[in-house]
Each structure stands twice: as C-alpha cells, then as structure tokens.
Amino acid sequence: MNAVSLQNVFLTAAALAAATYTASTNAHDLNFKSLGKNAKATDTYEVTCSTDGGGASYKLQVRVRDDAPLAGPLVSAQIIKDSKATNTTDLKDGDANFSAAATLVPNPSNPNGGNGVYTVVVDKTKAGAENYSMQYHCLSKTGEHTGTSLIARQNQ
Amino acid sequence: MTTSKLQTAISLMFRAGLFFAEANAYGASQADTPFFIDTENTGVFRAEARQTRWESVFNGIAHVTGIRIHYPAQTPGTVTAVCKNKTIPQLMECLLGSEADLVFRYPSDSQQKEQVNLPAEIWVLNTSFDTERITVKVNELDRCTPDDTPKKPVTCGQRKTTSTTTEATPSIADKTRQLLEATRIADPVLRADAVASLATEDQIDDAAVHEALATALSDENPNVRAQALFGLTQRGEAGAALQAALQDSDAAVRLMVVDIVENDSAILEQALGDNDETVRSLAALKLKLLSHITGSQ
C-alpha cells in the first residue's frame with residue numbers, strides 16, 4: 001500500500017469516528033481533549049463560578065465523555081473544592097453520550113455558597129491514550145447558569 | 001479482603017522484597033531513597049522514608065494498599081519520616097503534616113465495615129511541595145484513641161512527635177530558578193514536571209524560561225517534549241514548533257500537538273494521516289468541530 005492510499009484509509013476511518021458525535025459549541029463545553037498513554041496521565045482545570053445574570057452560584061456540575069477511539073481505559077472526572085470531592089465516570093467508550101453528572105455543592109445550607117474556584121481533574125483507569133470531552137456548568141440553586149470560566153492547569 | 005488479610009499480604013510482600021522492587025519501578029532515581037511501608041501484624045501501618053520524593057511515597061502507599069491517590073503534578077520536595085499509625089488517614093497526616101488538606105473517599109458497600117481504615121481514594125490538596133522540606137517525625141501510638149474516626153484525619157491524643165522542620169517560602173525568582181534547574185536533572189518525570197510548571201507558575205525571567213522550554217523541545221524523553229509544547233503554547237510562544245512536533249517519532253508528542261491546536265486546520269488535516277489511531281481520531285473530531293463552527297458563522 002502506498003502512502004497516498006494509506007492516508008485515504010485513515011481519513012475514512014477518522015471521518016467515521018467523527019460522525020458518531022454531535023459537535024457542540026456551547027461555551028461551557030470542552031471539546032475533544034486528550035490524555036496521554038501513561039496510566040496516571042491527568043488533566044487538571046480550575047473552574048471559577050461567579051455571580052452573573054443567573055444569580056450567585058450554588059454548585060458546579062460536570063459530565064465527561066470518553067471519545068473515539070475505542071480503547072481500554074475509562075475516563076473519569078472529579079470535582080474538588082475545599083474538603084469535598086465527587087466523581088463521575090463515562091462507563092461506555094466511544095458513544096455520543098456523556099457520563100452522569102457529577103455535582104458538587106460546597107455549602108448546601110447557603111444558596112449563594114457556590115461561588116469560587118473548583119479543581120476539576122480528568123483521568124483514566126489504566127494505561128493507554130484516550131480522547132475526551134467535558135461539560136462544566138456553574139448553576140444557581142434553581143438551576144440557572146451562572147458565571148463560569150475555565151483555565152487549564154495541567155495537560156498530560 | 002479484610003484488613004487483617006490485607007495486612008498479612010502487605011507483610012508477605014515486604015518480606016519477599018517485592019515492594020522494594022516496585023518502589024524502584026515507580027521511578028526512584030539514584031538520588032531517591034525507596035519508601036517502605038509495612039505492618040507489624042498488630043494492625044499498625046509503619047512507613048519509613050529517607051529523603052524520598054513525594055511521588056515515590058504516594059505511589060508506594062497506593063501500590064501496597066490499593067488506594068488511588070491523587071496528588072499535584074509538581075511535588076519536587078522530599079520527606080524524611082518514620083510513622084507508625086493505626087489508619088491510613090493518620091499515616092498520611094503523619095507524613096504530610098497536620099496542615100495538609102486531605103480528602104478521603106470510602107467505598108459505599110457494606111464490606112467497608114471490615115475495612116474501616118482503608119479509603120478507596122485520597123486527594124492531596126493545597127499542600128505545599130515547592131520547598132525543600134526536611135521533616136523528621138517519629139510517632140508513638142500508645143496514646144491513640146481506639147476509635148479514631150477514619151473519614152477525617154485526626155491527631156492521636158497526646159501523640160509523641162519529635163519534629164524538625166526546615167522550610168522556607170521561596171520568592172518567585174527562587175522558584176523560577178529551582179524550576180529552571182529542575183529542567184536539567186536526570187529524572188525524566190521530574191524534568192517533565194518542571195517543564196510543565198514553568199508554563200503555569202509565575203516567573204520573572206521570561207527569556208530564561210523561554211530558552212528552557214525551547215531546549216526541552218528536543219529532550220530525549222517524549223513526555224518532556226510534550227510538556228515543553230504545552231508550556232510554549234500556554235505562553236503563546238509555540239509558533240512553528242507545533243508544525244515541527246507533528247513529525248515527532250513519539251505519538252505522545254503528536255497527540256499533544258493535536259490536543260493543543262484549536263483552529264489550525266492545516267495541522268489537523270495533516271494529523272489525519274498519522275499512524276496513531278488516537279491522534280487521527282482527535283484530529284478528525286476537532287476538524288468536524290471546526291467545520292461546524294465555520295459553517296455556523
């Protein structure tokens with residue numbers, strides 16, 4: 001097989017993989033990132049929830065999706081703030097669905113107590129490179145979107 | 001597995017020297033001393049470290065107990081400690097100090113009653129590793145209360161602690177200098193961590209940082225090269241390095257290129273022909289997103 005036809009095969013396979021997903025351009029979607037082959041490869045983000053038109057934040061909600069290619073590791077996301085942490089794992093690799101939502105409420109007794117910086121960690125269960133996407137939303141007590149921003153702190 | 005069975009297994013591993021081998025496998029460099037964790041068949045965990053890197057300590061505990069430990073990528077300090085504790089949370093507090101911010105997650109199933117001292121996961125948060133910290137602690141369990149709550153690190157009653165701590169908070173200049181020096185040390189794991197830190201920490205010597213990152217692009221270790229790319233991109237200085245890195249011999253570097261690129265369709269299209277499936281898939285997904293964005297404008 002020469003280089004040109006090999007590339008065509010790759011293009012076809014990649015196009016099929018891409019067709020599985022619905023591309024989203026929501027401001028709070030982190031589309032198509034990767035984790036390296038090391039079993040401990042971890043991406044870390046700082047998500048800041050703030051007050052905006054939706055009001056003050058009460059919680060951060062995160063979902064993660066294990067994207068193509070089909071590979072062994074499962075992808076998980078953890079939300080950590082102060083002394084609290086929660087986790088979600090996409091149990092099915094390569095489909096269009098995100099995991100169940102992980103929700104962290106830092107201060108349940110205070111409806112305005114969710115503003116601040118959260119650490120979101122994305123990792124996987126074992127060795128092998130993986131691609132993933134993530135949705136992250138700061139929400140008010142009534143479920144309205146509040147101010148949300150994200151900074152990448154570690155990319156492995 | 002019950003706690004007693006686990007402790008027996010740990011003891012057997014220790015006697016057989018299996019853990020020692022694993023400790024080295026976890027990246028203990030010549031400058032690093034292996035970390036030992038043992039049980040004395042009395043329900044007590046005993047850990048011993050002599051100028052051991054934190055990574056080796058965490059990996060050692062994770063390996064022996066099966067607990068998943070999440071810790072910061074940059075842990076350049078070392079620890080010297082001898083700790084004897086009844087529970088893993090207490091052991092972690094002994095090693096890290098009472099000021100450490102630790103989160104423990106316990107299994108929800110009923111078997112947890114038999115493994116009350118074993119969390120499923122531990123997060124090490126807001127703990128300073130960026131100083132050269134020498135800590136010696138010897139703890140005695142004699143005065144520990146028998147029913148310490150495992151979900152929250154506790155200090156055993158009048159626990160005897162001898163502690164000598166040398167700790168200095170470095171200035172940004174000191175920190176930058178330490179990171180720059182760390183980009184030249186032998187251990188590739190620490191080198192990659194140092195390079196990654198240069199991208200995200202405050203620095204004052206931009207020229208030296210840029211030079212260190214640019215030099216790291218040709219490091220012999222692919223993870224170091226990948227982190228150099230990430231660092232330069234974070235600083236807006238990657239430029240032609242991205243295109244060049246797409247020809248790298250290691251897929252980890254090429255995957256980092258595609259991971260970083262958002263709008264460069266030329267690079268993404270080129271990556272569609274990569275011989276690594278993960279690289280190809282990510283490029284295809286990003287191109288589809290890019291066309292979706294372009295089409296909607």
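Trainee: What makes two residues across the interface of chain B and chain A a pair in polar contact, and how many such pairs are there?

Mentor: In this predicted model, an N or O atom of one residue must lie within 3.5 Å of an N or O atom of the other, one able to donate a hydrogen and the other to accept it. Seven residue pairs across the interface of chain B and chain A pass that rule, both residues having pLDDT 80 or more.

Trainee: Which elements of chain B supply the side that touches chain A?

Mentor: At least two residues each come from the strands β3 (68–70), β5 (101–105) and β6 (121–125) and from the helices α6, α8, α10 (251–260) and α12 (277–296) of chain B. Of these, α12(B) has the largest share, with 12 residues. By class, this side of chain B holds 15 nonpolar, 11 polar and 11 charged residues.

Trainee: Why is the pair Lys33(A) and Asp259(B) called a salt bridge?

Mentor: The side chains of Lys33(A) and Asp259(B) meet with N and O 2.8 Å apart. The limit is 4 Å between a side-chain nitrogen of Lys or Arg and a carboxyl oxygen of Asp or Glu, so the pair qualifies. Two salt bridges are found across the interface of chain B and chain A.

Trainee: How is the size of the interface known, and which residues of chain B lose the most area?

Mentor: The size of an interface is often given as the accessible area lost when the parts come together. For chain B and chain A the buried area is about 3,100 Å², with carbon and sulfur atoms giving 60% of that area. In chain B, the residues that lose the most area to chain A are Asp259(B), Leu285(B) and Lys288(B), together 18% of what that side buries. The contact involves 39 residues from chain A and 37 residues from chain B.

Trainee: What does the salt bridge between Asp248(B) and Arg225(B) tie together?

Mentor: The closest N and O atoms of Asp248(B) and Arg225(B) are 2.8 Å apart, and the limit for a salt bridge is 4 Å. Asp248(B) lies in the loop between α9 (241–245) and α10 of chain B, while Arg225(B) belongs to helix α8 of chain B, so the pair links parts 23 residues apart in sequence. Over all chains, the count comes to 12 salt bridges.

Trainee: Which residues line the largest cavity?

Mentor: From chain A come Arg153(A), Gln154(A) and Asn155(A), and from chain B come Gln74(B), Ala196(B), Ser197(B), Thr200(B), Gln227(B) and Phe230(B). The elements giving two or more residues are β9 (147–154) of chain A and, in chain B, α6 (188–200) and α8 (222–234). The most come from α6(B), which gives three residues. By class, the lining has two nonpolar, six polar and one charged residue.

Trainee: How do you know that the peptide bond between Ala68(A) and Pro69(A) is cis?

Mentor: The omega of this cis bond is about 5°. Pro69(A) lies in the loop between β3 (59–67) and β4 (75–81) of chain A.

How values were computed. Residues numbered from 1 in each chain as written. Chains lettered and ligands numbered in written order. Predicted model: local features only at pLDDT ≥ 70, side-chain atom pairs only at ≥ 80, totals over all residues. Heavy atoms only, no water. 1 Å grid on protein atoms, 1.4 Å probe; cavity = no way out; pocket = protein on both sides within 12 Å on 5 of 7 lines; lining within 4 Å. Helix = DSSP H or I, 4+ residues; strand = E, 2+ residues; numbered from the N terminus. Nonpolar A, V, L, I, M, F, W, Y, C, P; charged D, E, K, R; others polar. Contact = heavy atoms within 4.5 Å. Buried area = accessible area lost by both parts, 1.4 Å probe. Polar contact = N/O pair within 3.5 Å; in protein donor to acceptor, adjacent residues only side chain to side chain.
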